[in-house]
Amino acid sequence: MKKNKSAILSAVRQFGTPSYIYDGEQLIKNYKNLKNALPDCVDVFYALKVNPNVSLVKLLRSNGACTEVCSITEMEIALKAGSTPQDIVYLGPCKKDYELKRAISLNIFAIVIESEIELKRVSAFAKEMGIVANVAIRINPDFSAEGSPWKMGGRPTHFGIEEKQAIQNFGKYLDTPDIHIRGIHVYNGTNILEAKSVFENTKYILELYETIAQKYNHEFTMIDVGGGMGIPYFQNQEELDILEFKNLMVPLFTDFNKKYPKTRIIMESGRFIIGTSGCMAVEVNNIKVNHGKTFAVTDGGTNCHSAAAGSGRVVKRNFPIENISASENALEYKYQVSGPLCSPDDIIGRNIELKEIKVEDILLVKLSGAYGPTSSPVLFHSHGYPSEILLYQGEAHLIRAKDTAEDIIDKQIVIDFKQNELILN
């Protein structure tokens with residue numbers, strides 16, 4: 001997030017808090033840095049799961065990004081943002097019938113098949129609709145991605161088909177009626193900061209493709225190697241060396257492309273593209289001392305940003321936080337930065353040193369472009385979804401309005417109980 005403090009403060013004061021602010025120029029720069037580190041034969045698919053705001057997806061799409069979706073809503077967002085069906089792949093371990101039928105009817109580039117049962121379902125729907133469905137088989141490999149704090153392959157998960165089973169049964173998959181198998185998909189881990197780890201993971205997937213292609217004498221038209229490139233959130237973490245990444249990945253993909261020129265190579269990325277371009281802004285509502293510790297109570301916490309609160313982590317470390325409304329020469333003090341919830345775990349900054357905080361100050365939680373409100377319990381206490389703001393080309397754009405009480409209540413259905421139905425003994 002490179003925007004100056006005055007621009008952020010102005011936008012926050014205009015549109016309110018809690019809010020997420022995105023730097024459009026930084027978003028484009030991150031995407032291009034990744035794209036330029038890969039050869040032209042590789043297409044980058046932005047993963048909407050990390051942040052599906054339609055304006056952000058549209059900005060990335062306008063700069064050439066394709067889209068990877070995990071629900072029917074993400075698919076519709078991708079289409080609204082300008083993606084064509086041929087630039088959409090659809091993942092996810094639980095796809096409803098109506099979602100599969102929509103994907104088949106759109107003729108998207110590939111529905112990523114997570115199980116043999118799902119393959120049969122897609123085959124049946126395609127036959128019923130009179131369409132040949134394009135799919136890719138997701139494989140849970142024997143290889144586990146090193147350097148990933150969240151491994152999604154190489155161990156028991158609900159993702160994909162085991163490698164040995166997939167290799168053994170791929171001939172049956174190819175013979176499935178009303179199905180066109182474009183290739184394979186493997187996603188092994190996420191938030192990887194070591195270029196060598198991404199390289200080793202990708203190399204294994206490309207070799208797996210070759211094993212299957214040679215065994216069944218079949219040249220596919222797609223390979224999705226996942227991605228998992230991350231960003232450093234905490235002290236003592238170093239960012240992905242993009243030059244080392246380029247030096248490793250370019251010859252690897254180039255050699256593969258020479259062998260299989262008809263195969264579209266897909267690399268997914270979400271966190272790496274958008275993570276550093278966003279921050280969460282919260283306003284301080286109260287300051288209090290409790291049992292010897294000073295608490296800055298804000299209007300946005302776990303409900304807006306569960307990742308910053310450490311949800312799902314054994315060791316809870318602070319995202320970088322800054323008091324952007326403090327004066328430059330303000331003294332620093334140690335604070336506990338809490339949110340608005342009646343929960344002892346609603347702490348987004350623990351024993352963190354910040355410039356002196358006053359009521360109505362604005363605090364920024366940085367590195368928050370990915371997995372913010374979409375992976376948080378935004379309805380806790382019925383606070384609702386925070387606002388989202390895009391700073392781009394010198395202007396502040398509201399790209400999502402904060403939920404109001406009416407927004408939340410209007411979705412609920414009130415039953416009109418008759419008085420005489422309630423009998424008290």
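The model is a predicted one, with local features requiring pLDDT of at least 70 and side-chain atom pairs counted only at pLDDT 80 or more, while totals for chains, interfaces and linings use all residues. Residues are numbered from 1 along each chain as its sequence is written, and side-chain values use heavy atoms, leaving out hydrogens and water.

Charged pairs come up first. Searching the whole structure turns up 17 salt bridges, a salt bridge being a side-chain nitrogen of Lys or Arg within 4 Å of a carboxyl oxygen of Asp or Glu. One of them pairs Lys5 with Glu322, with 2.7 Å between the closest N and O atoms. This pair ties together distant parts of the chain, 317 residues apart: Lys5 sits in helix α1 (residues 5-15) and Glu322 in strand β15 (residues 321-323). Helices (H or I, at least four residues) and strands (E, at least two) are DSSP runs, numbered from the N terminus. Lys5 is partly exposed, at 30% relative accessible area; the scale used here takes buried as under 20%, exposed as over 50% and partly exposed as in between (1.4 Å probe, protein chains only).

Next come Asp87 and Arg264, whose closest N and O atoms are 2.6 Å apart in a salt bridge. Here too distant parts of the chain are linked, as Asp87 lies in the loop between α4 (72-80) and β4 (88-90), and Arg264, 177 residues apart from it, in strand β12 (residues 264-269). Both ends count as buried, with relative accessibility of 15% for Asp87 and 17% for Arg264.

Arg138 and Glu114 also meet through their side chains in a salt bridge (3.1 Å, N to O). Arg138 belongs to strand β6 (residues 133-140), and Glu114 to the loop between β5 (110-113) and α6 (116-129), 24 residues apart. Arg138 is buried at 4% relative accessibility, and Glu114 is buried with a relative accessible area of 4%. Shared partners also join Lys5, Glu322, Glu328, Lys355 and Lys366 into one salt-bridge network.
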